[in-house]
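Reader: Could you walk me through some of the charged and aromatic side chains in this one? I'd like to ask as we go.

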Amino acid sequence: MSRNLVELIRRHHAVDAPTALQLLKAAADDHGEVTDEDRKRVAEVTGLPEAAVYGISSFYDDLLMPRGARHVRVCTGTACFAATGGAHVDAVREGLGLDLGDRRPDGAVSLAETVCLGFCHSSPAVRDGDVIDAGADAVARLLGGASSAAAEPDWESVVSEPVMIRPGDWSGLRRALAELGPEGLLELVEAATVRGRGGAGFPAGTKWRFTRAAKGDEKFIVANGDEGDPGSYIDKYLMERNPNLVLEGVALAGFAVGADHGFILTRSEYPLSKPILDAAVRQAHADGLLGEDILGSGFAFDITVVEGAGSYVVGEETALLACLQGLRGTVSARPPFPAERGAFGMPTVVNNTETLANIPFVAAHGADAYAALSPDSESNGSKLVCFNERFARPTVFEVPFGMTMRELCEGVAGGLRDGREIKALQIGGPLGGILPAAKLDTVFDFDALAAEGCMVGHGSICAFDDHTDIRALAVHLLRFGAHESCGKCFPCRIGLRRAHDMFAADGPVDRQRFEQLLETLELGSLCAHGSGMPAPMRSLLAHFPDELGVTA
């Protein structure tokens, strides 16, 4: 991100002041779109150049789509694709007489696509105003003007001592303040080998150590709750069902690295997450668990909850920090890494929400107890996984590492519904490789999945049944990748669009040309969005070349 813009923000605003993005969101909420007058006003209020404000307003989906008095959004995520093949999108378009991104001339109704609403357990999903409906009859209810809030199944655990499903009680922070101290806590996290749960699997303790050692007048903690991976709703469950555990994890990270302020970035696609977290922050203040002199320890720490505006790529840490500061959510080259120069130019820890939710258990019970949660794996701790609507028991489960994918899919989730058979799985989100049914005995942990070209990622397990058109799946994944590119680097911006066009057109695809394109994406992209999208494509090439329609 622009260092000059960050300096402008630091000079003009307190850490928790409204950003340009928040002011633009308020304008769109008020009158359905962002006007030139809105941009001029925001530039005046924030001190940012009008060009920078225009860049923000032209990036995020929530600011781009014109809204009518009734604003309808239809999910085009991968779980919804797996459920209907996209038929639900066509039904909504035909029923409303609108294309995606259109608004009726009288301003009565508008239609937009969204990825993803976090109801992958009950796909397909639609949103009518702030009401999210899901299931086989959701489209019919929407078109009949009778959408109703969809139920969400309870989460479950197959771990004897749950880590993330148990209600947060702040016992880890109490022990850290009374017994461990900052260095003792950091050493525990390092010894436990808590690996990131957001995609890369980078050790949290290492990231914290870098930030603790970095020079800076202030330091920040950022919880990445921007769970944009289609098919995943794990962070949604954590933020909305166990907010105290998330807050405690953020506070523990702050205590370990010497930060006094944390942020949680939530998704606008999850309209309940921010208000639930805000209420939990207020209660923590009332209980003396956030604020000045926490529990009489002298440690001061506060948390601000910020809502995004519709962008998948802001899940990447540098783009997330740009979004947090109210800027255009594009990726920045690294180094410097956020641990050296992150939020507001200061050293910053950026961890996934689930990663931070692991920390209270480590602080309270120690590294050995954490490792013992998964006795049959080299990966420590437990993991939340979630299953899409194709399964008989689709919900969030807390599981140990070391189970096979077959045990998870057939035993825990009950196999596929309606007698269907698994054709393939995509694990960990849209950047994860695709595992064919013949590989279901692969062990669920970081190393075993990586050996198959897959990853743990967020922990979503999205099944495609035996009716799935593999070429249509490739088109779907590449369309998503091209749409969500931030545009900062041309291999991703142009390459994903060209890859999509190759498969969207009729006729065979030249395999050699396509593989050259994938190599360009892997080697030339600025972040994991462009370099990661080839993984599922390579899986499809390896396991379904004929159905994919590629030439030798």
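Author: What follows is a short talk about a predicted model, taken topic by topic.

Reader: Let's start with R471: where does it lie, and is it buried or exposed?

Author: R471 lies in helix α19, which covers residues 470–484. R471 is buried and yet has no salt bridge, since the nearest side chain of opposite charge, that of D506, is 6.4 Å away.

Reader: Which backbone oxygen lies 2.8 Å from a polar atom of the R471 side chain?

Author: That is the backbone oxygen of A505. A505 is also among the residues that R471 touches, and others include F503, P508, E547 and L548, leaving aside residues up to four places away in sequence.

Reader: Switching to salt bridges, how many does the structure hold?

Author: The structure holds 37 salt bridges. In one of them the side chains of E33 and R103 meet at 3.4 Å, N to O, and this pair links distant parts of the chain, with E33 in the loop between α2 and α3 and R103 in strand β2, 70 residues apart. E33 is partly exposed, with a relative accessible area of 34%, and R103 is partly exposed as well, at 28%.

Reader: And what about R39 and D36, how are they placed in helix α3?

Author: R39 and D36 are three residues apart in helix α3, and therefore are separated by about one helical turn. Their side chains meet in a salt bridge of 2.7 Å, N to O. R39 counts as buried at 15% relative accessibility, whereas D36, at 52%, counts as exposed.

Reader: Which residues are linked in a network of salt bridges?

Author: E389, R390, R417, D418 and D465 are linked in such a network.

Reader: Now the aromatics: how many pairs are there?

Author: The structure holds 15 aromatic pairs. F299 and F301 form a stacked one, 5.8 Å centre to centre with 20° between the planes, and both F299 and F301 are buried. The rings of F361 and Y370 have centres 6.4 Å apart and planes at 50°, so that pair is tilted; F361 and Y370 are buried too.

Notes:
Residues numbered from 1 in each chain as written. Predicted model: local features only at pLDDT ≥ 70, side-chain atom pairs only at ≥ 80, totals over all residues. Heavy atoms only, no water. Helix = DSSP H or I, 4+ residues; strand = E, 2+ residues; numbered from the N terminus. Buried < 20%, exposed > 50% of the residue type's maximum accessible area, 1.4 Å probe, protein only. Lys, Arg positive; Asp, Glu negative; His and termini not counted. Salt bridge = Lys/Arg side-chain N within 4 Å of Asp/Glu carboxyl O. Polar contact = N/O pair within 3.5 Å; in protein donor to acceptor, adjacent residues only side chain to side chain. Contact = heavy atoms within 4.5 Å. Phe/Tyr/Trp six-rings, centres within 6.5 Å; stacked < 30°, edge-to-face > 60°.
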